[in-house]
Amino acid sequence: MATLFDQAKLMARELQDSDEFKQLSTALAKVRADQEANSAFHDFQVAQKEIQELQSKGEEPKPEQIQRWQNTAQKAQQLKPIKDLSVVEQNLNNMLGEVNKIITAPLNELYLNN
């Protein structure tokens, strides 16, 4: 198993060296450098975390919590640095999805062939 974990660590380093990761780092730095975008991004993260914590406990968020999350998301998405970050995040997510398909292909084959 050590080999599998060694490969995972190697993949993590490869991820950090990828263009997608570098673009994400740059886009995030631009958000943090823009006071309005950084504040909106922070507010969105706080509202999102609040809802996720409730859901993880099996609780439903209150309508005003959902409304606050939606309002912060809408405000954040209007700011160019955050729009740009979202595009870069999506590109990285797509790449990771493809990597995940490759890694889990043997599992899919195992279940489909039995």
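Helices α2 and α5 run roughly antiparallel to each other, a label kept for angles over 145 degrees. In this predicted model, local features need pLDDT of at least 70 and side-chain atom pairs pLDDT 80 or more, while totals for chains, interfaces and linings use all residues. Numbering starts from 1 along each chain as its sequence is written, and side-chain values rest on heavy atoms, with hydrogens and water left out.

The axes of α2 (residues 19–33) and α5 (residues 80–112) cross at roughly 160 degrees and come within 9 Å; these axes are lines fitted to C-alpha atoms over the stretch in contact, with angles running from 0 to 180 degrees between N-to-C directions. Contact here means heavy atoms within 4.5 Å. On the α2 side, the residues involved are Glu20, Phe21, Gln23, Leu24, Ala27, Leu28, Lys30 and Val31, and they meet Pro81, Ile82, Leu85, Val88, Glu89, Leu92 and Met95 of α5. By class, that makes 11 nonpolar, 1 polar and 3 charged residues.

Several of these names come back in the largest nonpolar core, whose 12 residues include Leu24, Ala27, Val31, Ile82, Leu85, Val88 and Leu92. Such a core is a set of buried (under 20% relative accessible area, 1.4 Å probe, protein chains only) nonpolar residues joined through side-chain atoms within 4.5 Å. α2, α3 (35–56) and α5 each put in at least two residues, and α5 gives the largest share, 4.

Leu79 is also a core member; leaving aside neighbours within four places in sequence, Leu79 touches Glu36, Ala37 and Ala40. Gln78, in the loop between α4 (63–77) and α5, is exposed (over 50%), at 56% relative accessibility.

Note on methods
Parallel < 35°, antiparallel > 145°, perpendicular 65-115°, else oblique. Nonpolar A, V, L, I, M, F, W, Y, C, P; charged D, E, K, R; others polar.
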